[in-house]
Number of protein chains: 2
Amino acid sequence: MSAVEKDIFRKAAILSDEVRKPFPNSRKIFVAGSDGLRVPMREISLTPTRSRAGLEANAPVTVYDTSGPYTDPEAHIDLTRGLPALRAPWIEARGDSESLKGPSSIHGRIRAADGVTAHLRFAHTRPPRRAKAGVNVTQMHYARRGIITPEMEFVAVRENARLDELREEYERAGYLKRRHRGQAFGAHLPEVVTPEFVRQEVASGRAIIPANINHPELEPMIIGRNFRVKINANIGNSAVTSGIAEEVEKMVWAIRWGADTVMDLSTGKHIHETREWIIRNAPVPIGTVPIYQALEKVGGRAEELTWEIFRDTLIEQAEQGVDYFTIHAGVLLRYIPLTANRVTGIVSRGGSIMAKWCLAHHKENFLYTHFEEICEIMKAYDVSFSLGDGLRPGCIADANDEAQFAELKTLGELTQIAWKHDVQVMIEGPGHVPMQLIQANMDEQLRHCFEAPFYTLGPLTTDIAPGYDHITSAIGAAQIGWYGTAMLCYVTPKEHLGLPDKEDVRQGIVAYKIAAHAADLAKGHPGAQVRDNALSKARFEFRWEDQFNLSLDPERARSFHDQTLPQEGAKLAHFCSMCGPHFCSMKITEDVRRLAGHAGADTHDAATSRGGDPSALIEQGLAEKAEQFRQQGAEVYQRR
Amino acid sequence: MSAVEKDIFRKAAILSDEVRKPFPNSRKIFVAGSDGLRVPMREISLTPTRSRAGLEANAPVTVYDTSGPYTDPEAHIDLTRGLPALRAPWIEARGDSESLKGPSSIHGRIRAADGVTAHLRFAHTRPPRRAKAGVNVTQMHYARRGIITPEMEFVAVRENARLDELREEYERAGYLKRRHRGQAFGAHLPEVVTPEFVRQEVASGRAIIPANINHPELEPMIIGRNFRVKINANIGNSAVTSGIAEEVEKMVWAIRWGADTVMDLSTGKHIHETREWIIRNAPVPIGTVPIYQALEKVGGRAEELTWEIFRDTLIEQAEQGVDYFTIHAGVLLRYIPLTANRVTGIVSRGGSIMAKWCLAHHKENFLYTHFEEICEIMKAYDVSFSLGDGLRPGCIADANDEAQFAELKTLGELTQIAWKHDVQVMIEGPGHVPMQLIQANMDEQLRHCFEAPFYTLGPLTTDIAPGYDHITSAIGAAQIGWYGTAMLCYVTPKEHLGLPDKEDVRQGIVAYKIAAHAADLAKGHPGAQVRDNALSKARFEFRWEDQFNLSLDPERARSFHDQTLPQEGAKLAHFCSMCGPHFCSMKITEDVRRLAGHAGADTHDAATSRGGDPSALIEQGLAEKAEQFRQQGAEVYQRR
């Protein structure tokens with residue numbers, strides 16, 4: 001073991017403080033389900049409102065939490081041991097899978113026996129599990145048989161984020177005030193998500209719960225347009241840069257900021273070992289693109305790929321616990337000429353690999369011809385399909401072209417084959433699309449893919465801003481999320497230019513949390529506006545700390561405030577640096593309310609705390625004065 | 001004069017190198033109009049495409065340029081003298097205005113005679129101009145009388161960005177390839193903008209050309225939904241921070257990145273002097289909110305404001321050359337109670353100042369009662385109205401409420417009064433609006449304000465991301481721009497938290513250039529896709545330098561690339577750091593094209609350069625091979 005390699009290993013086992021520290025004024029809570037089910041969430045405590053009537057408490061806000069045990073100061077984290085196997089008893093209790101003696105893939109066995117990489121290897125692997133012969137262990141299979149699994153109950157509890165339980169408290173606190181009617185484009189968001197609703201959605205194929213039986217560390221989540229919009233973050237080393245330690249740290253960093261799933265797109269050295277470290281420590285579903293590793297196995301020569309090598313790769317990764325695979329089975333030989341006149345040809349890596357293979361052999365895509373065999377593997381571990389859009393447009397000019405939509409129809413055909421096997425499916429979508437063409441993407445996907453969840457990369461709404469593509473694409477992502485896309489794959493500021501560092505990952509994720517949340521609001525998700533209202537109330541009442549703590553990125557919000565007004569006292573001030581004390585509209589509005597309210601209704605807050613309706617009180621006061629005004633012959637009221 | 005004050009003055013006169021350096025591979029060009037009219041634009045030169053057939057030139061791309069003479073290395077800049085008075089001969093030639101002996105406002109005279117601030121004063125002021133008695137000097141007035149002014153011709157040439165002249169060259173270069181049909185929501189974007197079209201739009205009130213006769217340094221621009229979507233950047237010192245030097249530098253910085261207009265929202269010391277420096281050096285229209293300065297004059301006590309003080313402030317600023325005024329004349333006494341039950345009350349500074357005044361006096365808003373007198377002032381200098389939305393929503397909960405729409409209807413009523421005086425008008429809009437409620441804002445505005453241009457702040461599509469509100473709002477801005485908003489007021493990452501520094505201004509502007517451009521694409525602006533296509537072609541051909549240089553922020557794009565691959569050779573490489581050489585989809589697509597093309601059609605580029613149709617060649621090659629494939633009994637083609 002070289003000194004460099006030892007160093008890689010040592011670093012892999014230690015997370016930096018910044019990815020582990022709890023969010024300010026937040027605590028990890030666990031909401032109980034049946035049979036000891038405990039669903040983690042984050043509760044944000046708020047400070048009281050100060051009014052003339054005294055202090056008035058503000059109800060804490062519970063938010064959906066993707067960060068796993070890492071933000072829980074109570075949790076003992078040992079990366080070399082991995083996270084607790086939360087799902088292990090559920091999987092075992094079903095009695096339909098068995099523990100193997102060791103990896104059944106050839107490559108898995110080679111890696112396990114390889115002395116050269118032994119020091120890089122995750123030490124505490126369990127033997128892989130696989131469905132018993134002839135048995136199907138997918139969540140869809142259970143759902144279709146009427147079984148509500150613990151995974152389904154977990155996601156039901158999780159999706160609600162305690163809205164059911166806290167509704168009255170939130171009402172009183174004003175967090176449900178003026179909840180706007182959504183425009184849902186055919187989505188149906190229930191007021192309360194029940195386990196039975198989850199089961200129905202999974203059974204119908206409208207939602208998936210990516211949950212490989214070899215990833216028992218997973219905190220289950222659901223992807224479907226009748227649930228909260230989710231986001232994915234990509235990590236992964238390439239041949240050019242980045243190591244194991246960095247990738248594990250990036251995964252924990254990504255879920256801290258809100259990634260609901262993480263794709264490991266590694267293409268460099270030690271793919272197998274890196275993936276093992278990531279999965280054992282990941283509380284979120286991990287997705288991969290197996291063709292990348294298959295290509296590594298043939299030295300990067302696409303034409304040397306074979307079904308056997310690919311098949312072995314699927315099994316290798318399924319037995320490590322990958323939750324969903326991107327499979328570019330829709331890139332058919334006859335579609336390739338349709339890309340020839342494009343401005344940017346084929347921009348999907350997987351798509352271009354398969355296109356090259358097809359042309360080199362003058363044969364149909366082996367992922368397509370072997371699709372039923374792939375389904376057999378998927379259902380033995382419950383790996384979900386993410387049917388790749390290998391022919392997605394790579395620029396505005398190529399959006400919504402024949403190649404793209406031809407492939408989409410094939411993905412619909414494959415969806416039905418997968419569903420015949422009760423294998424879960426989502427469909428990948430573009431890419432680069434100008435705004436006026438986005439809705440057609442959603443409509444075509446729903447139609448041709450029978451409402452299977454859509455999972456899009458952006459889309460980027462213009463090509464002219466490299467360096468800012470988290471923004472060009474957040475614009476498109478918010479829209480397509482609103483129209484019905486279930487999961488949004490993030491784009492970082494480094495897209496098209498370089499590999500993202502931690503700051504880029506954070507920027508990309510927050511941009512996508514914004515897009516997903518804006519989409520939830522627009523669809524009319526029953527609980528989405530709670531956080532907006534709570535934060536805006538804090539803002540109006542100059543509760544600076546609460547405003548920071550309710551935000552998607554409390555550290556950034558606080559540091560931006562402190563750049564202008566670093567004094568601790570400024571966080572109690574009833575004004576901010578933008579306008580100063582004379583010009584603060586919020587402060588003046590306080591004065592307005594005081595001036596307008598008569599008979600002791602000095603402030604809005606005071607009025608509210610006594611149960612009075614400030615609007616009515618102000619109306620009354622104004623009515624008297626307006627009467628005087630009219631008597632003076634003022635004419636302004638006559639205009640109405 | 002204290003040392004500190006001397007230092008302020010000295011700094012005000014010197015711009016940093018970073019705001020003056022020309023964009024890479026770009027040159028300032030001047031497109032000739034009639035009578036010696038010269039319209040500045042930026043031409044970006046590109047490198048040739050390398051193919052087996054040799055080098056093939058790529059046509060340069062001409063882009064709309066807001067940066068004024070600052071990016072022209074030929075221009076001599078002396079901040080103490082201001083920019084050349086480009087419009088002075090046009091204004092004089094009209095013979096309808098006269099040069100005054102000095103400022104006619106009381107405050108203007110006091111400032112001019114104040115020894116204490118003499119050292120801060122811009123030295124080379126001209127005497128102000130004003131319309132001759134009883135004459136109207138607005139662009140709208142000329143337009144309605146059938147006169148095409150040099151300002152109108154200037155904006156016509158500018159809007160075209162040479163598309164008329166370069167159309168064939170662009171066609172050949174592929175920059176007009178697959179230009180998508182837009183969805184324009186009732187906007188009508190002509191293929192070529194003629195001076196007569198500009199005149200008609202200004203005459204109808206659908207567009208404005210903010211162009212005070214006291215701002216002859218201005219390069220005229222137009223705001224209307226049948227033209228390119230524009231953006232505004234706010235600068236301005238506050239009582240808490242920031243000085244003259246910083247504000248002038250920020251203005252030049254803002255137009256460098258693409259601000260079409262700049263609002264000076266200063267509220268601190270030396271407002272008058274700061275504004276003079278900004279206007280004398282600004283090639284873009286400058287907007288202000290005069291009530292801010294009026295409030296300063298009464299020591300920050302809203303209730304002490306009077307019509308006389310406000311009127312004097314309007315004249316003071318009009319004679320300095322402010323091009324548009326935000327006037328909160330729609331905040332009526334009877335609307336104020338409608339805000340009492342809001343989560344965040346009144347968030348517009350101007351709106352809250354007027355509300356406080358109204359309530360303190362139990363009188364109608366003096367901006368409303370004196371509106372016709374304001375029109376008289378506006379038309380004597382050609383200051384445009386930006387009718388302020390003082391009751392705009394400050395959070396998601398308050399969006400589209402009764403207060404907001406009541407005020408909007410009053411703004412429509414005021415629009416008709418202004419138009420009676422041939423005074424140009426645009427209407428300000430929100431604010432904070434969830435996506436599903438955005439379109440109603442545009443529809444209501446068009447209906448109630450008779451298609452006067454809409455000018456919105458964002459809107460922010462969620463409240464939960466302080467620190468990232470350039471993104472929450474770029475999402476809404478892109479949408480409302482698409483629906484028909486003519487100008488988008490930027491939001492920086494510091495919104496709600498602190499005062500923006502230069503990096504924040506850059507981030508905010510680029511986010512809004514993206515939103516405006518995405519809107520242009522979606523509306524189907526005839527020239528918008530040229531830059532996207534040229535950049536994407538460069539990207540596909542690994543012309544890294546061209547990709548950087550065509551982007552909105554070439555420096556950032558280059559520096560992001562170089563963070564991962566700093567070697568100069570990497571900018572010639574046919575792969576990048578994201579995937580490395582084996583995995584680059586663009587490289588594989590080159591291979592695909594080579595494999596697919598037979599009979600010497602080795603590459604797409606080679607085929608294209610010989611005039612061949614690569615698609616046809618590939619089809620032909622595939623047809624032969626597919627026949628072999630079918631003869632082997634493959635069944636995949638039978639599925640069609």
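In this predicted model, the buried residues of helix α10 of chain B are B:I271, B:H272, B:E273, B:T274, B:R275, B:E276, B:W277, B:I278, B:I279 and B:R280. The helix, which runs over residues 271–280, is thus mostly covered, with 10 of its 10 residues buried.

**The interface between the chains**

Between chain B and chain A an area of about 12,200 Å² is buried, and carbon and sulfur atoms give 67% of it. Helix α19 of chain B (residues 502–523) supplies the largest share of the side that touches chain A, namely 11 residues. By class, that side of chain B has 68 nonpolar, 44 polar and 31 charged residues. In terms of contacts, 143 residues of chain B meet 142 residues of chain A. The count of salt bridges between the two chains is 0, whereas 28 residue pairs are found in polar contact across the interface, with both residues at pLDDT 80 or more.

**Annotated positions in chain A**

An unreviewed UniProt entry lists A:H432 and A:H496 under "binding site". Although they are spread over 65 residues of sequence, they cluster in space, with a largest C-alpha distance of 12.3 Å. A:H432 lies in the loop between β15 (425–429) and α17 (438–448) of chain A, and its relative accessible area of 5% is the reason why A:H432 counts as buried. Leaving out residues up to four places away in sequence, A:H432 touches a set of residues that includes A:C395, A:D463, A:H496 and, from the other chain, B:R539. A:H496 is placed in the loop between β17 (487–489) and α19 (502–523) of chain A, and A:H496 also counts as buried because its relative accessibility is 13%. The side chain of A:H496 is joined to that of A:D469 by a polar contact of 2.8 Å.

The unreviewed UniProt entry also carries the annotation "domain: ThiC-associated", which covers residues 22–98 of chain A. This span is 9% helix and 32% strand, and its end C-alpha atoms lie 38 Å apart.

**Charged side chains**

Over all chains, a search of the whole structure finds 85 salt bridges.

| Pair | N to O distance |
|---|---|
| A:R301 and A:E304 | 3.0 Å |
| B:R87 and B:E151 | 2.9 Å |
| B:K250 and B:E247 | 3.7 Å |

B:K250 and B:E247, by contrast, lie 3 residues apart in helix α9 of chain B (residues 244–257), about one turn of the helix. An α-helix has 3.6 residues a turn, so residues three or four places apart point the same way. B:K250 is buried at a relative accessible area of 5%, and B:E247 is buried at 0%. In chain A, A:R301 is partly exposed at 41%, and A:E304 is partly exposed at 39%.

Helix α6 of chain B (residues 150–160) also holds B:R158, which counts as buried because its relative accessibility is 4%. A polar atom of the B:R158 side chain lies 3.0 Å from the backbone oxygen of B:E219. Beyond its neighbours within four places in sequence, B:R158 is in contact with residues including B:V39, B:Y64, B:D65 and B:M221.

Note on methods: Residues numbered from 1 in each chain as written. Chains lettered and ligands numbered in written order. Predicted model: local features only at pLDDT ≥ 70, side-chain atom pairs only at ≥ 80, totals over all residues. Heavy atoms only, no water. Contact = heavy atoms within 4.5 Å. Buried area = accessible area lost by both parts, 1.4 Å probe. Salt bridge = Lys/Arg side-chain N within 4 Å of Asp/Glu carboxyl O. Polar contact = N/O pair within 3.5 Å; in protein donor to acceptor, adjacent residues only side chain to side chain. Helix = DSSP H or I, 4+ residues; strand = E, 2+ residues; numbered from the N terminus. Nonpolar A, V, L, I, M, F, W, Y, C, P; charged D, E, K, R; others polar. Buried < 20%, exposed > 50% of the residue type's maximum accessible area, 1.4 Å probe, protein only. UniProt positions renumbered as here; feature names shortened; annotations may be inferred.
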